[in-house]
Amino acid sequence: MKAMILKEFRQMRRDRRTVALMVGLPVMMLIIFGYAARFDVTEIKTAALGPGASVVESSLDPAFNVVVTDPSGDATIAKELLRDSKAAVAIVTGPQINVYVDGTELFLAQSAMRRTNSLPSNANVEVLFNPELSTSAVMVPSLIGMILLFLGTVITSLGVVREREQGTLEQLAVTPLRPVDVIVGKIAPYFLVAVIDMAVVTIVGVFLFNVPFRGSFLMYSAFALVYLFVVLGLGVLISTVSKSQGEAIQLAIMVLLPQVMLSGMIFPLSSMAAGVRWIGYLLPLTYFVTGMRGVFLKGSSFGALAMPLMLLTLMAVVIFSLAVLRFRRDLAPKQAETEPELAPGAAA
Amino acid sequence: MTWGVSKLTVRFGHTVALSNVSMEFEPGTVHAVVGGDGAGKTTLLRIAAGIGLPHEGSVHLPGPGRISYVPPDGGVFADLTVDENMQFIADAYKLADWQARADELLDRSAIAEFGGRLAGKLSGGQRRKLAGSMGLLPMPDLLVLDEVTTGVDPVSRMDLWRLIAAAAAGGAAVLVATSYLDEAERAGRVLLLHDGAVLASGSPDEVRAAMKGTVTDVAEPEDPATAWRMGRRWRQWLPDGVSGGPVTLEDVAIVSELQTNRGAR
């Protein structure tokens, strides 16, 4: 038994990725569940509108963080503020107090609803975009992002790493195929499958789960296209730093997990500790979720989604370019820094 | 046109993998690169295939698409059938009228009947023969085969060498790395590597003739430090001997290493 334990420790010590996963994953989980995974929303971005805006603002539950005060605002402006995600709750004062709640942020909306007792008793509360606070309506648009992320990072990286494991990547480098032929040829099928996946999830979401599609198809396509470049780029990038399929999966998990937990897909970004929230702002899924919820549920304007789309595009350019450059380097002749890896029985 | 490498030096950190290695790849000739584990064979072949670069030295190779390379492990697409593997190579090299040639190669390799089988489901020897057939399909100017016969049964090795000979007969310069010295006897040119340095090179006869002394069969070793087992008998190196039995390339390789190790001591 001692021999076995010793062998395992030796192997573990040399498998740096596994050690990193064993140490990094608990730390990541601790951060996520300690600072990010919070159902108790303590801050709700609120807009106070109408003649009594200032009065209402002072009487609100402290969780309602008033970010917009506009005494001349009305219901139309309130709905626009919610559609453009500038506030999660808008209170319009006047003879009748109307409270509008953004239903696309499920926990935020539920928390806001629970705290409406701090509002005048005659207030009329209306949930916009997802009046029944349906979980599927919120999750389906986000799930598209998660499915594409899984497909892009795990499946694509495995596909490329398999070439390396089978010793065919170098063989490809010797063929007359140009690096661009190999790269595009390698990615195109995954791109196509991802597009089909996205279409299927969208159709199933709309027709089976009755998720509304209120926005522009053009905007939906723009987000999809850009996001696909991000996730496929991540997949290729992972494959270029992985020698085996096991390594690729390990790395993909490290990329997937924080995105799912910190993108605002499940837990609202506004309920996360500020430091962790910033990690969320660096993740592509955050902007894709914002975009999809905007397109599906809110019918957000181009102006409202321009910033997330722009940031996602920036990420796509950086990640995809890096991935292509690294993959290209794999195909190009290079000076060896370490001995070539050998098959059993093969000699250098 | 003769291709080749000249005065190659490759280092892995402080380890010298190849030191001042030169070799010409003549069309229509099989060149065997032989040597033990870690001799530098794969490093040399990677450079010859155009996927590795030396730290020093020059390389003269055919243009893009005129080289075929079979790596030491695999070299086939496991998730494609035998026929699909051949078709991919034909497409990648933009070959016209390739089907008859592919059928002939698979037939010579004795794997034609497995055309619809996934390459990953073939036996080790069948996979190597498929890899060899894929290498030959585009009729390259330079065919680089790294340990293509390693771990392969004798019949499959014979099939593979038939393919190799056919490629050379077709005018290709063939470069084969192998640990089997008996295979090197079939090559037109031999390069014997040890620790990245060339111990001997030339035709098999030239390599044998260059060996110092002779080797003879003995029942008991006269000097155990310069003798080695060969079946039930011993082979004894006689550094000052002039006539013994026939000398094989394996004898030359062992004697060269003995000399090198003596020099090192």
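The legends below describe close-up views of a predicted model. Residues are numbered from 1 along each chain as its sequence is written, while chains are lettered from A and ligands numbered from 1 in the order in which they are written. Because the model is predicted, local features need pLDDT of at least 70 and side-chain atom pairs count only at pLDDT 80 or more, whereas totals for chains, interfaces and linings use all residues.

**View 1. Overall form of chain B.** Chain B contains eight helices and 13 strands; helices (H or I, at least four residues) and strands (E, at least two) are DSSP runs, numbered from the N terminus. The radius of gyration of chain B is 20 Å, close to the 18 Å that the globule rule gives for 265 residues, so chain B is as compact as a globular protein of that length. This radius is taken over C-alpha atoms, and the globule rule is 2.2 Å times the number of residues to the power 0.38. Along the principal axes, the C-alpha atoms of chain B fill a box of roughly 60 × 45 × 30 Å. Of the 265 residues in chain B, 45% are buried, a residue being buried if 20 or more other C-beta atoms, placed from the backbone, lie within 10 Å of its own. Among contacts in chain B between residues at least 6 apart in sequence, 68% join residues at least 24 apart; two residues are in contact if their C-beta atoms, placed from the backbone, lie within 7 Å.

**View 2. The boundary between the domains of chain B.** Chain B is divided into domain 1 (3-202) and domain 2 (204-264), with bounds from an automatic or database domain assignment. The C-alpha centres of these two domains of chain B lie 29 Å apart. Twelve residues of domain 1 of chain B are in contact with twelve residues of domain 2 of chain B. On the domain 1 side, helix 6 (181-184), strand 9 (189-194) and strand 10 (197-202) of chain B each supply at least two residues. Strand 10 of chain B gives the largest share, four residues. By class, this side has eight nonpolar, three polar and one charged residues. Ala, Val, Leu, Ile, Met, Phe, Trp, Tyr, Cys and Pro count as nonpolar, Asp, Glu, Lys and Arg as charged, and the others, Gly among them, as polar.

**View 3. The open sheet 2-1-5 of chain B.** Three strands of chain B, in the order 2-1-5, form an open sheet with antiparallel pairing; two strands pair if DSSP finds at least two bridges between them. Strand 2 (15-25) and strand 5 (56-60) of chain B stand at the edges with a single partner strand each, so one side of each is left without a neighbour in the sheet. Strand 1 (residues 3-12) and strand 2 of chain B pair over seven bridges. Gly4(B) stands opposite Glu24(B) in strand 2 of chain B.

**View 4. The open sheet 11-13-12 of chain B.** This open sheet has three strands, ordered 11-13-12 in chain B, and its pairing is antiparallel. At the edges stand strand 11 (214-218) and strand 12 (227-230) of chain B, each with a single partner strand, so one side of each lacks a neighbour in the sheet. Five bridges join strand 11 of chain B to strand 13 (residues 233-238) of chain B. Val218(B) stands opposite Trp234(B) in strand 13 of chain B.

Key
A residue is buried if 20 or more other C-beta atoms lie within 10 Å of its own, exposed if 12 or fewer, and partly exposed in between; C-beta atoms are placed from the backbone.
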